[in-house]
Amino acid sequence: MKKIVVLTGAGISAESGLKTFRDSDGLWEGYDVQKVATPEAWQQNPQLVQDFYNMRRRDALAAKPNAAHYALAELEQQYNVTIITQNIDDLHERAGSTNVMHLHGVITRSQSSLNPALTYPIEGWELKMEAMCELGSQLRAHVVWFGEDVPMIIPAARECQQADLFILVGSSLAVYPAAGLVNYVHYNVPKYIIDPKIPDINRIKNLIKIADKASVGVPALVRQLLTGVPR
Ligand code: NAD
(Lines give C-alpha, C1' and ligand atoms only; values in the text may rest on other atoms or scores of the structure.)
Protein backbone atom coordinates (compact mmCIF):
# COMPACT_ATOMS: atom_id res chain seq x y z
CA MET A 1 0.00 0.00 0.00
CA LYS A 2 1.33 3.44 -0.90
CA LYS A 3 1.99 5.78 1.98
CA ILE A 4 0.43 9.26 1.93
CA VAL A 5 1.51 11.84 4.51
CA VAL A 6 -0.78 14.85 4.93
CA LEU A 7 0.33 17.94 6.86
CA THR A 8 -2.60 20.15 7.86
CA GLY A 9 -2.81 23.62 9.38
CA ALA A 10 -5.49 25.95 10.66
CA GLY A 11 -6.81 26.52 7.09
CA ILE A 12 -8.39 23.05 6.90
CA SER A 13 -10.64 23.90 9.85
CA ALA A 14 -11.48 27.44 8.66
CA GLU A 15 -14.63 26.25 6.86
CA SER A 16 -15.70 24.48 10.04
CA GLY A 17 -15.85 27.94 11.63
CA LEU A 18 -12.48 27.87 13.50
CA LYS A 19 -10.44 30.96 12.64
CA THR A 20 -6.83 30.79 11.41
CA PHE A 21 -4.04 33.08 12.68
CA ARG A 22 -2.53 34.65 9.62
CA ASP A 23 -5.85 35.66 8.13
CA SER A 24 -6.53 37.65 11.33
CA ASP A 25 -3.35 39.81 11.45
CA GLY A 26 -1.41 37.40 13.62
CA LEU A 27 -4.08 37.44 16.30
CA TRP A 28 -5.79 34.27 17.46
CA GLU A 29 -9.52 34.98 17.91
CA GLY A 30 -8.55 38.59 18.71
CA TYR A 31 -5.80 37.68 21.22
CA ASP A 32 -2.09 38.42 20.96
CA VAL A 33 -0.54 34.92 21.09
CA GLN A 34 2.24 36.18 23.38
CA LYS A 35 -0.44 36.90 26.03
CA VAL A 36 -2.18 33.51 25.82
CA ALA A 37 0.05 30.89 24.19
CA THR A 38 3.46 31.11 25.88
CA PRO A 39 4.93 29.78 29.17
CA GLU A 40 5.45 33.43 30.22
CA ALA A 41 1.73 34.15 29.74
CA TRP A 42 0.90 31.16 31.96
CA GLN A 43 3.29 32.46 34.66
CA GLN A 44 1.83 35.97 34.50
CA ASN A 45 -1.87 35.29 34.10
CA PRO A 46 -2.87 31.61 34.32
CA GLN A 47 -6.58 32.43 34.55
CA LEU A 48 -6.51 34.34 31.23
CA VAL A 49 -4.67 31.44 29.53
CA GLN A 50 -7.05 28.86 31.00
CA ASP A 51 -10.07 30.93 29.90
CA PHE A 52 -8.62 31.36 26.39
CA TYR A 53 -8.23 27.59 25.89
CA ASN A 54 -11.62 26.93 27.49
CA MET A 55 -13.12 29.12 24.76
CA ARG A 56 -11.09 27.35 22.05
CA ARG A 57 -12.32 24.00 23.44
CA ARG A 58 -15.93 25.18 23.52
CA ASP A 59 -15.64 26.35 19.88
CA ALA A 60 -13.87 23.18 18.73
CA LEU A 61 -16.48 20.93 20.37
CA ALA A 62 -19.27 22.91 18.68
CA ALA A 63 -17.55 22.75 15.26
CA LYS A 64 -18.12 19.91 12.79
CA PRO A 65 -15.64 18.34 10.36
CA ASN A 66 -15.99 19.67 6.80
CA ALA A 67 -15.70 18.00 3.40
CA ALA A 68 -11.90 18.20 3.51
CA HIS A 69 -11.61 16.31 6.81
CA TYR A 70 -14.05 13.65 5.55
CA ALA A 71 -12.27 13.24 2.22
CA LEU A 72 -8.91 12.65 3.94
CA ALA A 73 -10.53 9.91 6.04
CA GLU A 74 -11.76 8.23 2.82
CA LEU A 75 -8.19 8.01 1.52
CA GLU A 76 -7.62 5.18 4.04
CA GLN A 77 -9.73 2.90 1.77
CA GLN A 78 -6.74 2.53 -0.55
CA TYR A 79 -3.71 4.10 1.12
CA ASN A 80 -1.67 3.96 4.29
CA VAL A 81 -2.39 7.51 5.50
CA THR A 82 -0.70 9.51 8.24
CA ILE A 83 -2.18 12.90 9.10
CA ILE A 84 0.23 15.25 10.83
CA THR A 85 -1.78 18.20 12.08
CA GLN A 86 -0.70 21.48 13.60
CA ASN A 87 -4.28 21.95 14.75
CA ILE A 88 -5.38 21.50 18.31
CA ASP A 89 -8.95 20.64 17.30
CA ASP A 90 -9.97 16.98 16.90
CA LEU A 91 -11.88 17.33 13.61
CA HIS A 92 -9.71 14.78 11.74
CA GLU A 93 -10.51 12.09 14.29
CA ARG A 94 -14.21 13.00 14.29
CA ALA A 95 -14.24 12.70 10.48
CA GLY A 96 -12.89 9.14 10.78
CA SER A 97 -9.12 9.40 10.25
CA THR A 98 -7.44 6.73 12.35
CA ASN A 99 -3.79 7.77 12.28
CA VAL A 100 -3.50 11.39 13.40
CA MET A 101 -0.38 12.92 14.95
CA HIS A 102 -1.02 16.18 16.82
CA LEU A 103 2.20 18.19 16.61
CA HIS A 104 0.89 20.93 18.89
CA GLY A 105 -1.27 18.86 21.23
CA VAL A 106 -5.04 18.53 21.34
CA ILE A 107 -7.51 20.79 23.12
CA THR A 108 -9.69 17.93 24.39
CA ARG A 109 -6.95 16.83 26.81
CA SER A 110 -5.27 18.47 29.78
CA GLN A 111 -1.67 18.09 30.92
CA SER A 112 0.21 18.39 34.17
CA SER A 113 2.08 21.66 34.54
CA LEU A 114 4.94 19.70 36.18
CA ASN A 115 5.24 16.77 33.76
CA PRO A 116 3.97 17.30 30.18
CA ALA A 117 3.88 13.53 29.62
CA LEU A 118 0.95 13.26 32.05
CA THR A 119 -2.18 13.99 30.00
CA TYR A 120 -5.87 13.37 30.69
CA PRO A 121 -9.18 13.59 28.79
CA ILE A 122 -11.33 16.64 29.64
CA GLU A 123 -15.07 16.18 30.17
CA GLY A 124 -16.93 19.02 28.41
CA TRP A 125 -15.41 22.39 27.55
CA GLU A 126 -14.22 23.75 30.88
CA LEU A 127 -10.91 23.04 32.60
CA LYS A 128 -11.19 24.61 36.05
CA MET A 129 -8.27 26.23 37.88
CA GLU A 130 -8.77 23.94 40.84
CA ALA A 131 -8.24 20.80 38.67
CA MET A 132 -4.94 19.13 39.64
CA CYS A 133 -2.83 16.32 38.17
CA GLU A 134 -1.84 13.25 40.19
CA LEU A 135 1.34 15.08 41.29
CA GLY A 136 -0.78 17.84 42.79
CA SER A 137 0.08 20.47 40.17
CA GLN A 138 -2.29 22.65 38.18
CA LEU A 139 -3.74 21.13 35.00
CA ARG A 140 -3.38 23.18 31.80
CA ALA A 141 -4.49 22.57 28.23
CA HIS A 142 -2.49 19.87 26.40
CA VAL A 143 -1.12 22.23 23.76
CA VAL A 144 2.40 23.22 22.75
CA TRP A 145 2.97 26.90 23.46
CA PHE A 146 5.32 29.13 21.49
CA GLY A 147 8.80 28.60 22.95
CA GLU A 148 8.08 25.03 24.14
CA ASP A 149 9.55 21.78 22.78
CA VAL A 150 7.61 19.93 20.09
CA PRO A 151 8.09 16.29 21.17
CA MET A 152 6.21 14.88 18.15
CA ILE A 153 8.50 16.53 15.61
CA ILE A 154 10.94 13.60 15.34
CA PRO A 155 8.28 10.91 14.71
CA ALA A 156 6.59 13.33 12.28
CA ALA A 157 9.85 13.87 10.35
CA ARG A 158 10.28 10.07 10.11
CA GLU A 159 6.79 9.77 8.61
CA CYS A 160 7.65 12.45 6.04
CA GLN A 161 10.83 10.60 5.03
CA GLN A 162 8.74 7.49 4.24
CA ALA A 163 6.05 9.24 2.18
CA ASP A 164 5.28 8.13 -1.39
CA LEU A 165 3.03 11.18 -1.75
CA PHE A 166 2.75 14.32 0.37
CA ILE A 167 -0.19 16.72 0.74
CA LEU A 168 -0.07 20.08 2.55
CA VAL A 169 -3.42 21.71 3.37
CA GLY A 170 -4.12 25.14 4.86
CA SER A 171 -0.85 26.14 6.47
CA SER A 172 1.10 29.37 6.00
CA LEU A 173 4.28 27.44 6.93
CA ALA A 174 5.20 30.31 9.23
CA VAL A 175 5.42 28.24 12.44
CA TYR A 176 8.59 26.18 13.01
CA PRO A 177 9.57 23.40 13.41
CA ALA A 178 6.37 22.19 11.68
CA ALA A 179 7.16 24.29 8.60
CA GLY A 180 10.45 22.41 8.11
CA LEU A 181 8.76 18.98 7.78
CA VAL A 182 8.38 19.32 4.01
CA ASN A 183 12.19 19.25 3.78
CA TYR A 184 12.15 15.63 4.98
CA VAL A 185 10.03 14.46 2.04
CA HIS A 186 12.16 12.93 -0.76
CA TYR A 187 12.65 15.35 -3.66
CA ASN A 188 11.17 12.84 -6.15
CA VAL A 189 7.91 12.53 -4.20
CA PRO A 190 4.92 14.54 -5.57
CA LYS A 191 3.91 17.27 -3.11
CA TYR A 192 0.41 18.73 -3.45
CA ILE A 193 -0.32 22.07 -1.78
CA ILE A 194 -3.95 23.06 -1.27
CA ASP A 195 -4.41 26.63 -0.01
CA PRO A 196 -6.12 29.69 -1.53
CA LYS A 197 -2.84 31.56 -0.74
CA ILE A 198 -0.06 29.13 -1.65
CA PRO A 199 2.90 29.61 0.73
CA ASP A 200 6.23 30.44 -0.90
CA ILE A 201 8.19 27.16 -1.03
CA ASN A 202 9.33 27.18 -4.64
CA ARG A 203 12.75 25.83 -3.58
CA ILE A 204 10.99 22.46 -3.04
CA LYS A 205 10.95 20.08 -6.04
CA ASN A 206 7.85 18.35 -7.47
CA LEU A 207 5.24 20.79 -6.18
CA ILE A 208 1.68 20.66 -7.50
CA LYS A 209 -0.15 23.81 -6.42
CA ILE A 210 -3.92 23.83 -6.02
CA ALA A 211 -5.09 27.34 -5.12
CA ASP A 212 -8.48 26.28 -3.75
CA LYS A 213 -10.27 26.20 -0.45
CA ALA A 214 -9.79 22.96 1.43
CA SER A 215 -13.46 21.92 1.04
CA VAL A 216 -13.08 22.08 -2.76
CA GLY A 217 -9.44 21.12 -3.40
CA VAL A 218 -9.13 18.21 -0.98
CA PRO A 219 -12.22 16.18 -2.06
CA ALA A 220 -11.25 16.69 -5.74
CA LEU A 221 -7.69 15.45 -5.15
CA VAL A 222 -8.93 12.51 -3.06
CA ARG A 223 -11.36 11.53 -5.84
CA GLN A 224 -8.46 11.59 -8.29
CA LEU A 225 -6.28 9.46 -5.99
CA LEU A 226 -9.06 6.92 -5.38
CA THR A 227 -10.36 6.61 -8.95
CA GLY A 228 -7.30 7.50 -11.03
CA VAL A 229 -9.40 10.03 -12.94
CA PRO A 230 -7.71 13.48 -13.11
CA ARG A 231 -9.42 16.40 -11.36
P1 NAD B 1 -1.95 29.96 9.76
O2 NAD B 1 -3.08 30.66 10.41
O3 NAD B 1 -0.59 30.49 9.90
O4 NAD B 1 -2.24 29.86 8.18
C5 NAD B 1 -3.51 29.48 7.72
C6 NAD B 1 -3.40 29.09 6.27
O7 NAD B 1 -4.66 28.58 5.89
C8 NAD B 1 -3.08 30.27 5.34
O9 NAD B 1 -2.06 29.87 4.44
C10 NAD B 1 -4.41 30.51 4.62
O11 NAD B 1 -4.23 30.96 3.28
C12 NAD B 1 -5.00 29.11 4.64
N13 NAD B 1 -6.46 29.08 4.52
C14 NAD B 1 -7.39 29.96 4.95
N15 NAD B 1 -8.62 29.54 4.64
C16 NAD B 1 -8.48 28.33 4.03
C17 NAD B 1 -9.39 27.38 3.48
N18 NAD B 1 -10.72 27.58 3.51
N19 NAD B 1 -8.87 26.26 2.91
C20 NAD B 1 -7.53 26.03 2.87
N21 NAD B 1 -6.63 26.91 3.36
C22 NAD B 1 -7.10 28.03 3.94
O23 NAD B 1 -2.05 28.45 10.23
P24 NAD B 1 -0.91 27.40 10.56
O25 NAD B 1 0.13 27.41 9.48
O26 NAD B 1 -1.61 26.15 10.90
O27 NAD B 1 -0.20 27.96 11.88
C28 NAD B 1 -0.97 28.46 12.95
C29 NAD B 1 -0.79 27.78 14.31
O30 NAD B 1 -1.93 28.17 15.09
C31 NAD B 1 -0.83 26.28 14.28
O32 NAD B 1 0.33 25.82 14.83
C33 NAD B 1 -2.02 25.86 15.16
O34 NAD B 1 -1.58 25.14 16.31
C35 NAD B 1 -2.62 27.12 15.70
N36 NAD B 1 -4.07 27.25 15.36
C37 NAD B 1 -4.87 26.14 15.39
C38 NAD B 1 -6.20 26.24 15.05
C39 NAD B 1 -7.06 24.99 15.10
O40 NAD B 1 -6.73 24.06 15.83
N41 NAD B 1 -8.14 24.89 14.31
C42 NAD B 1 -6.75 27.48 14.67
C43 NAD B 1 -5.89 28.60 14.66
C44 NAD B 1 -4.56 28.48 15.01
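Select helix H3, residues 46–62, in this predicted model. Helix H3 supplies four residues to the lining of the largest pocket, the largest share of that lining. Keep the helix highlighted while the pocket itself is brought into view.

**The largest pocket**

The largest pocket holds about 950 Å³ of space. Its lining counts 49 residues, and those closest to the centre are Gly9, Ala10, Thr20, Phe21 and Asn87. Next, colour the lining by residue class: 25 residues are nonpolar, eleven are polar and 13 are charged. Then colour by domain. Domain 1 covers 1–17 + 66–104 + 150–231, domain 2 covers 19–62 + 107–143, and each gives at least three residues to the lining of the largest pocket.

**The second largest pocket**

Which residues lie nearest the centre of the second largest pocket? Select Gln111, Pro116, Arg140, Val143 and Glu148, which hold that position among the 22 lining residues. The volume of this pocket is about 400 Å³. By class, its lining divides into eleven nonpolar, eight polar and three charged residues.

Now display helix H2 (39–44) together with strands E6 and E8; each of these elements supplies at least two residues of the lining of the second largest pocket. The largest share, four residues, comes from E6.

The three strands form an open sheet in the order E7-E6-E8, with antiparallel pairing. Strand E7 (119–121) and strand E8 (139–143) are the edge strands, each pairing on one side only. On average, neighbouring strands of this sheet are turned by 45° against each other, with direction ignored.

Zoom in on the pairing of E6, residues 105–112, with E8: the two strands are joined in the antiparallel sense over four bridges. Two pairs may be selected here. Ser112 has Leu139 of E8 as its bridge partner, and Gly105 stands opposite Val143 in E8.

Is strand E8 mostly covered or mostly open? Strand E8 is mostly covered, since five of its five residues are buried.

Most residues other than glycine have a negative phi, and most peptide bonds are trans. The last stops concern departures from that pattern.

Move to the loop between strand E9 (165–169) and strand E10 (191–194), where Pro177 lies. The peptide bond from Tyr176 to Pro177 is cis, with omega near 10°. Select Leu173, which is also placed in the loop between E9 and E10. Leu173 is not a glycine, yet its phi is positive, near 55°. Is Leu173 buried or exposed? Its relative accessible area is 12%, and the limit for a buried residue is under 20%, so Leu173 is buried.

Finally, select Asn206 in the loop between E10 and strand E11 (207–210). Asn206 has a positive phi of about 65°, although it is not a glycine. Asn206 has a relative accessible area of 40%; this value falls between the limits of 20% and 50%, so Asn206 is partly exposed.

Methods
Residues are numbered from 1 along each chain as its sequence is written. This is a predicted model: local features need pLDDT of at least 70, side-chain atom pairs count only at pLDDT 80 or more; totals for chains, interfaces and linings use all residues. Side-chain values use heavy atoms; hydrogens and water are left out. Two strands pair if DSSP finds at least two bridges between them. Axes are lines fitted to C-alpha atoms, for helices over the stretch in contact, and angles run from 0 to 180 degrees between N-to-C directions. On a 1 Å grid over the protein atoms alone, a cavity is a set of points where a 1.4 Å probe fits but cannot get out, and a pocket is an open set with protein on both sides within 12 Å along at least five of seven lines; lining residues have an atom within 4 Å of a point. Grid points are joined across faces, edges and corners, and a volume is the space filled by probe spheres set on the points. Ala, Val, Leu, Ile, Met, Phe, Trp, Tyr, Cys and Pro count as nonpolar, Asp, Glu, Lys and Arg as charged, and the others, Gly among them, as polar. Domain bounds come from an automatic or database domain assignment. Buried means under 20% relative accessible area, exposed over 50%, partly exposed in between (1.4 Å probe, protein chains only).
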